[in-house]
Protein chains: 2
Amino acid sequence: MASTLIVPDCSSSTAAGASCFIPVNKIRIRRSVFHVHQQISIARWGHKASLLNIDTRRLFSPMALTVASNAETSAKVIDGKSVAKHIREEISTEISRMKEAIGVIPGLAVVLVGDRKDSATYVRNKKKACDDVGIKSYEIHLSEDSTEQEVLKYISEFNDDPSIHGILVQLPLPRHMNEENVLNAVSIDKDVDGFHPLNIGRLAMRGREPMFVPCTPKGCIVLLHRYGVTIKGKRAVVIGRSNIVGMPAALLLQREDATVTIVHSRTKNPEEIVRQADIIISAAGQPNMVRGSWIKPGAVIIDVGINPVDVRSKSPRGYHLVGDVCYEEACRVASAITPVPGGVGPMTIAMLLSNTLSSAKRAHNFD
Amino acid sequence: MASTLIVPDCSSSTAAGASCFIPVNKIRIRRSVFHVHQQISIARWGHKASLLNIDTRRLFSPMALTVASNAETSAKVIDGKSVAKHIREEISTEISRMKEAIGVIPGLAVVLVGDRKDSATYVRNKKKACDDVGIKSYEIHLSEDSTEQEVLKYISEFNDDPSIHGILVQLPLPRHMNEENVLNAVSIDKDVDGFHPLNIGRLAMRGREPMFVPCTPKGCIVLLHRYGVTIKGKRAVVIGRSNIVGMPAALLLQREDATVTIVHSRTKNPEEIVRQADIIISAAGQPNMVRGSWIKPGAVIIDVGINPVDVRSKSPRGYHLVGDVCYEEACRVASAITPVPGGVGPMTIAMLLSNTLSSAKRAHNFD
């Protein structure tokens, strides 16, 4: 039976002193977290066709770093919205160049099954993002009671269609379908999600290169690069070990020569381990779990969590979004931090667009 | 320019007080270590067809734990030689049962290219181990100047041959061949090495099962299981991040709910991190690198290193083998430790036999 613990709501978007109730048994990181799963659909919109398919090393001017607004804070804000906008502009320019040079327009196909409103929203957002940069998007919308065979048939057609360079299957699928079967049916050359085990295996192995990297973790690393954060030789802690975010984020950090620890639901004393990290990537899906006392002074924090917190009395929407990290507390200790929203979120879709462009370039041997 | 540092040779198999010279620049863990590579050929002889294809949970009687011989020590010796013998007996029994029930004999094919003496020895040892348990082995020995195409042709034939359930390509291959191409040609169903990226990807992903697991890391985990070492919730440190040992060992520990950190050549202050570990798996290929002061009291140590140390004046062979861990020092601090030799080494070939049996069982749907 869950008891509750009153903790200060330290998110930056609520009035100071407000409290939220977190069940004590949720203080530990859960193995499977609803809010992380909520992000699957976002995560599915972005990857990298190769680890270097965008110029992740280009640093923003130091002027781009803005200090968090609270007077007590010192952490720099890692502005994912701004970086993502910049990347989308770069992608748009590259697409125009490719179209002019060889007449090819990147194409992204999306398979949506059922009538989930959130899934429909994600698909709509993706379509708009594609339109904005010049990627042609194709959508197949099947009814909830479609068969797995029908989905596989469309995937097969997209696999064979040379005008399509990326294929996304919007998750979650209806329960009567085998998600693994469906995802594995996507051609490895068009798996812009990077969820295929062959891609993950290549990501894990030294001397191998994945075709695509899952977009959310890639977005995290690109943020670190663009803000000039040194990864090599640093202690990094990833909180959460999902296939979509935590695990590939850890593999990416390791490829960049960080010393990586994954903290998860079975970790004892996670705060002690997190406190050793120079770089924290949190994808636990636990609102405000990482407190100021968990953070090493000067650490850099990438907060992947997007957790709705109930504020029915204060917002007509009834909730607001907070990260896994107590933003206000963290701002006083960390050297840099991503806000929620406006941090990792916008990077995910930018990485999808980047992956689709890279796939098209690779298919047409265009550099 | 490498300077040298005199450190006591703390291995158990040399006279107390002898010293060895280790270049200072070797004190850090090297990225690519000769002695780890030396083990490739051993490592190639064993895996698991599924993560549970042998009864890894069966505990030895506590009587099987023997205290290290030095009077000052307290650590229990994890006797890999004995465990491996026990597993080979189990495999032999299973092979007899399968042969009687369905008339199938597991088959293992080995492709050896060139005239390296060490490779020839490994192949011979493997053949003998197969003979001992009743696995039929097939060997193709090609000359050093064979073409990659010839190797691929034999692999293709083995892939198609239903009497062969496992295929090994003895590494290293001659320089004019592309190792990745050759290894990738082995059918995923017969990749008893478990080195295929698809297997590694499945190993990394929650909810997926690899067909085979690389044998040396699997041997490490089986030793922990057989000696009743709790992994879940423990801090584990893996030293080294090779595709063959370190990386898959870390993935296996994580699958068992340990909190895992990989220490590697770019890690600063590795001793601080190692000192936090309840379980240490070392695959650095650095003789006596892990000192007593690096070890948390009561830790369990699996030492994968097999490093030849020059003792020309004392041995007609000119060298003896030591692990990555200072055995004598570690014995005074750890609760249990594998010796070198006689620890992980014998487990590798046992896991290969196990993987080959599992592959045959799977091919014939025999339980």
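**Two copies and their contact**

Mentor: Gladly! Keep in mind that this is a predicted model. The contact takes 35 residues from chain B and 35 residues from chain A.

Trainee: How do you know that the two copies are related as by a two-fold rotation axis?

Mentor: Chain B is superposed on chain A by a rotation of 180 degrees, with 0.0 Å of shift along the axis and an RMSD of 0.0 Å. The two copies are therefore related as by a two-fold rotation axis. In chain B, the C-alpha nearest that axis belongs to B:Gly201, 1.8 Å from it.

Trainee: What makes you say that the copies meet through the same surface?

Mentor: Of the interface residues of chain B, 100% are also interface residues in chain A, so the surface is the same for the copies.

Trainee: What area is buried between chain B and chain A, and what share do carbon and sulfur atoms give?

Mentor: About 3400 Å² is buried there, and carbon and sulfur atoms give 49% of that area.

Trainee: Why is the pair B:Arg241 and A:Asp257 called a salt bridge?

Mentor: The cut-off is 4 Å between a side-chain nitrogen of Lys or Arg and a carboxyl oxygen of Asp or Glu. For B:Arg241 and A:Asp257 the closest N and O atoms are 2.8 Å apart, so the pair meets the rule. Across the interface the rule finds four salt bridges, and there are 14 residue pairs in polar contact.

Trainee: Which elements of chain B give two or more residues to the side that touches chain A?

Mentor: They are α6 (179-185), α7 (197-204), α9 (246-255) and β11 (259-263). The largest share, six residues, comes from α7(B). By type, the residues on that side of chain B divide into eleven nonpolar, twelve polar and twelve charged.

Trainee: What makes α9(B) mostly covered?

Mentor: Nine of its ten residues are buried, among them B:Met247, B:Pro248 and B:Leu251. Just after α9(B), B:Asp257 takes a positive phi of about 70 degrees.

Trainee: Why does A:Thr216 count as buried?

Mentor: Buried means under 20% relative accessible area. A:Thr216 has 3% relative accessibility, so the label applies. This residue is found in helix α8 (residues 215-226) of chain A.

Trainee: How far apart are A:Thr216 and A:Pro248 in sequence and in space?

Mentor: A:Thr216 and A:Pro248 are 32 residues apart in sequence, and their C-alpha atoms are 9.2 Å apart in space.

Notes
Residues numbered from 1 in each chain as written. Chains lettered and ligands numbered in written order. Predicted model: local features only at pLDDT ≥ 70, side-chain atom pairs only at ≥ 80, totals over all residues. Heavy atoms only, no water. Least-squares fit on C-alpha atoms with pLDDT ≥ 70 in both. Contact = heavy atoms within 4.5 Å. Buried area = accessible area lost by both parts, 1.4 Å probe. Polar contact = N/O pair within 3.5 Å; in protein donor to acceptor, adjacent residues only side chain to side chain. Helix = DSSP H or I, 4+ residues; strand = E, 2+ residues; numbered from the N terminus. Nonpolar A, V, L, I, M, F, W, Y, C, P; charged D, E, K, R; others polar. Buried < 20%, exposed > 50% of the residue type's maximum accessible area, 1.4 Å probe, protein only.
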